[in-house]
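Below are some notes on the aromatic ring pairs, for your review. Please read them alongside the coordinates.

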Amino acid sequence: ALLRQPSRTPAPGGPGPGTLALFGAYDRRLPRTRLLAAGWEAAGGRVVEINEPLWPDAGDRAAAAVGGGLMGASPWRWLATQGRLWRRRGELAGADVVLVPYPGYLDMPLARLAADDAGRPLAFDPFISIHDTLVMDRGLVRAGSPQAVACALLDRLSLRLADRVLADTAAHGQYFRGFGSLKAGRVAVVPVGADDRRFAPRAAAPHPGIEVLFYGRGIPLHGVETVIGA
């Protein structure tokens, strides 16, 4: 319900949310993408993937982007990937919703054309803001520099091209609405959650103290200092 656009003609389908098409050069190894697909299937829907892998096997894409590449991918590889995705646009005809997963900022213009060609609504899961990550959070790009301006423009363009934008937290949703000048109804909060095929509750074992598991990186956004302080 969060992703459907009543103004667009739905694809034929039975009960349940229908078919979700994941479209782009996204990294299908990321937990966020796997959990969104699993959530759709758990609601009774079907997921199809139109995926042309692009991203490097290792390394930090955000840091790689500062070096002048397309978030760690060569421009020529990106162009070739976009060509392959466009040739597969016919696979969207049977979908009810098209979703561009993270990190799909560079896929959004093509995805908008492909979704319009198929007459389907387009959703985008940015997960993070490029500008906020590189400029504000990590300080890898100087505020006001041409690089910072380019990051902001790419953020705004990708957000505005989507019929629906997914956010992992209410705070991120508020940020996306303000940064992209989006109406509140265009942003939906879908928490990250956890893969219950790997993680499940178990009985608490007696323990003399408290154990804290931190899952993340040492970047400011993940708040390690706040966790330790608490």
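1. Burial of Tyr 105. With a relative accessible area of 2%, Tyr 105 is buried (under 20% is buried, over 50% exposed, in between partly exposed; 1.4 Å probe, protein chains only). Phe 124 is buried as well, at 0% relative accessibility.

2. Basis. The model is predicted: local features need pLDDT of at least 70 and side-chain atom pairs pLDDT 80 or more, while totals for chains, interfaces and linings use all residues. Residues are numbered from 1 along each chain as its sequence is written, and side-chain values use heavy atoms, without hydrogens and water.

3. Ring pairs. The structure holds five aromatic pairs (ring centres of Phe, Tyr or the six-membered ring of Trp within 6.5 Å; planes under 30 degrees apart are stacked, over 60 edge-to-face, the rest tilted). Tyr 105 and Phe 124 are edge-to-face, because their planes stand at 80°, with centres 5.8 Å apart. Tyr 105 sits in the loop between strand S3 (97–100) and helix H4 (108–118), and Phe 124 in strand S4 (residues 122–124), so this pair ties together parts 19 residues apart in sequence (helices are DSSP runs of H or I, at least four residues; strands are runs of E, at least two; both numbered from the N terminus).

4. Cluster. Ring pairs link Tyr 105 and Phe 124 with Tyr 102 and Phe 127 into a cluster.

5. Helix H7. Tyr 175 and Phe 179 are stacked, since their planes are at 15° and their centres 5.4 Å apart. The two residues are four apart in helix H7 (residues 170–180), about one helical turn. Tyr 175 is partly exposed at 26% relative accessible area, whereas Phe 179 is buried at 13%.

6. Charge over a ring. Arg 156 lies over the face of Phe 179, 4.1 Å from the ring centre (criterion: NZ of Lys or CZ of Arg within 6 Å of the ring centre and within 35 degrees of the ring normal).
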